Amino acid sequence: MKEAGRRRARRLAISTVVVLALAGMNGPWLYRFGTERYHRYVIDKPEYKADNGHWDIVQFPKEYRQDTIHAVLLHTGKVLLVAGSGNNQDNFNAKRFESRIWDPVKGTVKKVPTPADLFCTGHTQLANGNILIAGGTKKYEKLKGDVKKAGGVMILYNENPDKPMTLPQGTKFTGKANGKSFVSTDSVLIPRATKVFDKSTGKFLRNNPGYARVVVEAPKEGTEYETGAQDNYRIRGLTGADERNTYGIGNKFGLDKRDFEGIKNAYEFDPVAEKYIKVDPMNEARWYPTLTTLSDGKVLSVSGLDDIGQLVPGKNEVFDPATKKWTYTTTKRQFPTYPALFLMENGKLFYSGSNAGYGPDNVGRDPGIWDVDTNSFTKVPGLSDPNLLETSATVLLAPAQDEKYMVIGGGGVGESKLSTAKTRLVDLKDADPKFVDGPSLEKGTRYPQTSILPDDTVLVSGGSEDYRGRGESDILQARLYHPDTNSFEEVADPLVGRNYHSGSILLPDGRVMFFGSNPLYADKGDTKAGVFEQRIEIYTPPYLYRDSRPDLSGGPGSIARGASGAFTSAHASSIKKVRLIRPSASTHVTDVDQRSIALDFKTAGNKITVTVPKDRNLVQSGWYMLFVDDDQGTPSKAVWVKVP
């Protein structure tokens, strides 16, 4: 890292020159003006770019701008940008749901019809190159001061074993003790009761009632409709046996905050046709779910808020790309929303503890190794600041074969002002893995954006010290983490603040795109409402400002696990490493798709022959970017390769 030290010294020298040059200027305005102009002059100098990289802002034409919350790199080289309603209640009410296809090479952008509110959905890369997208928004939250009608969750029971009961939206429920009435906000199906028999004698024992839930509200505004105790509720409009067999139970109904509610919708996005294709819905509605690929290529859907705004109680399910259907797992395990879950080489899942929000502070927060089939969970100890994992980021460091992970930053549960500057490292190849602290960031950081680069470094940028950038706490800093020396290198500062609803994507040309940011406030005093950041920013790393970069072309479009393929490069003799990088699917500080796999290779003349590892848990089926790095650490542009 001697070169990194020289770069830091050069940056310090430049800063000193700026201060001295402006010290004699008269007046604060002239100082600020001169500082900004000189700063722009310095960061645009070729030698500065070669040391620190460079940032550029992309602004779409006005009619194509949106509040991008999700971004996925497609195997066409284009990027799918998804807003849904974009955390905008007016868009939601108008059913104005948006997506864009952006071509970073041609600079073109295209609107894509969006079938549902895919705001806060889950997504992942499928083996055929399609993108699985599941969940989204059914209803927006209401903060406590905005709730005008008392209400809450009504538990419904059906004791009739012969038929289910469907109650339409607007069904009225009246308490037997309190006499107060409430109205359902959605229709609901209550399953029929289940008959239970003695297994040894076959004798009928009892009926287990069918069970469902629905959100209810008072018919009018006011505190007089609030309740403070559990009550049984009869259902208006039912008579005879239906009235006797079907009833509701409610606890406290008040004017408390109402959380977001999820949907069951699921789609595949076709990158070639550039359209959404509807598939069977999930069994559970989910808002803020994580989708993770399993050993057999199926996709696990975990966590999320359900259709009444409650955390899904550990009911996880699996999507089969062959049948396009979802089935529940035989085991249950609960996590906070958007948990960071990574497939390990042994087929189990590693949960780093990183998550993006909702859920109790004492359930499902401990990091560990999870066997989905048996539901066994082995905690991984040693994590520093364990209560500051919400809105942290986790990356599987390169090369992925080493199974080393880094957890970066994070904050307290909910709208906490607490944040940590710590990074934590864990080596899952150890017989008894434990977290140890890595190098610290300069500031406590929530929402850091992280991308693995082709040279094995990790770009860590942005975030904020406070919840959603309150008090103008956005961090305009970027660092490159070097796994070989376990150190951070300071690079050029981003131009745009990024906090909640932001992310980053490695592009096939080796640059990194940044999207989104949804601050609560626009001023340091937290008095003006924040504005969603619609600009895209591109970071060009220092390795792209060198005199030349290796070329790479030809080769097969598909290489099976354990097989080899030959590519052409005029710089073959200088190639020192080959990386197979899975494209990202990023949202809410969560990107469990990205991984960089080292490939064995050999060179002869202008040919590079690469071999894909045999392990399907290491190399999941799908499309990858193939990069080669020369002896200066400069990567080629990527060639797309499919692993069947």
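Which residues form one aromatic cluster? They are Phe 92, Phe 119, Tyr 140, Phe 260, Trp 287, Tyr 288, Tyr 338 and Tyr 358. Keep in mind that this is a predicted model.

Now look at rings in pairs. A search of the whole structure turns up 29 aromatic pairs. A pair of aromatic rings is described by two things: the distance of the centres and the angle of the planes. Take Tyr 157 and Tyr 211. Their ring centres are 6.1 Å apart and their planes stand at 55°, so this pair is tilted. Tyr 157 belongs to strand β9 (residues 151-158) and Tyr 211 to strand β16 (residues 210-217), so the pair ties together parts that are 54 residues apart in sequence.

Tyr 481 and Phe 488 give another pair. Here the centres lie 5.5 Å apart and the planes meet at 65°, so the pair is edge-to-face. Both Tyr 481 and Phe 488 are buried.

A ring can also have a charged partner. Lys 111 lies over the face of Tyr 64, at 5.8 Å from the ring centre.

Next, turn to the nonpolar cores. In soluble globular proteins, nonpolar side chains tend to be buried together. The largest nonpolar core in this model has 36 residues. Those with the most contacts inside it are Phe 350, Phe 567, Leu 580, Ile 597, Val 619 and Leu 626. Several strands each supply at least two residues of this core: β31 (404-408), β42 (575-582), β46 (607-611), β47 (622-630) and β48 (639-643).

Zoom in on Ile 597. What does Ile 597 touch, not counting residues up to four places away in sequence? The list is Ala 400, Gln 401, Val 578, Arg 579, Leu 580, Pro 613, Leu 618, Val 619 and Tyr 624.

Finish at Thr 292, in strand β22 (residues 290-293). Thr 292 counts as buried, because its relative accessibility is 4%. Where does its side chain reach? The side chain of Thr 292 reaches the backbone oxygen of Leu 341, at 3.1 Å. Leaving aside neighbours within four places in sequence, Thr 292 is in contact with Lys 298, Val 299, Leu 300, Leu 341, Leu 343, Leu 349 and Val 592.

Notes
Residues are numbered from 1 along each chain as its sequence is written. This is a predicted model: local features need pLDDT of at least 70, side-chain atom pairs count only at pLDDT 80 or more; totals for chains, interfaces and linings use all residues. Side-chain values use heavy atoms; hydrogens and water are left out. A nonpolar core is a set of buried Ala, Val, Leu, Ile, Met, Phe, Trp, Tyr and Cys residues joined through side-chain atoms within 4.5 Å. Buried means under 20% relative accessible area, exposed over 50%, partly exposed in between (1.4 Å probe, protein chains only). Helices (H or I, at least four residues) and strands (E, at least two) are DSSP runs, numbered from the N terminus. Contact means heavy atoms within 4.5 Å. Rings of Phe, Tyr and Trp (its six-membered ring) pair if their centres lie within 6.5 Å; planes under 30 degrees apart count as stacked, over 60 as edge-to-face and the rest as tilted. A charge sits over a ring if NZ of Lys or CZ of Arg is within 6 Å of the ring centre and within 35 degrees of the ring normal. A polar contact is a pair of N or O atoms within 3.5 Å; within protein, one must be able to donate a hydrogen and the other to accept it, and residues adjacent in sequence count only if both atoms are side-chain atoms.
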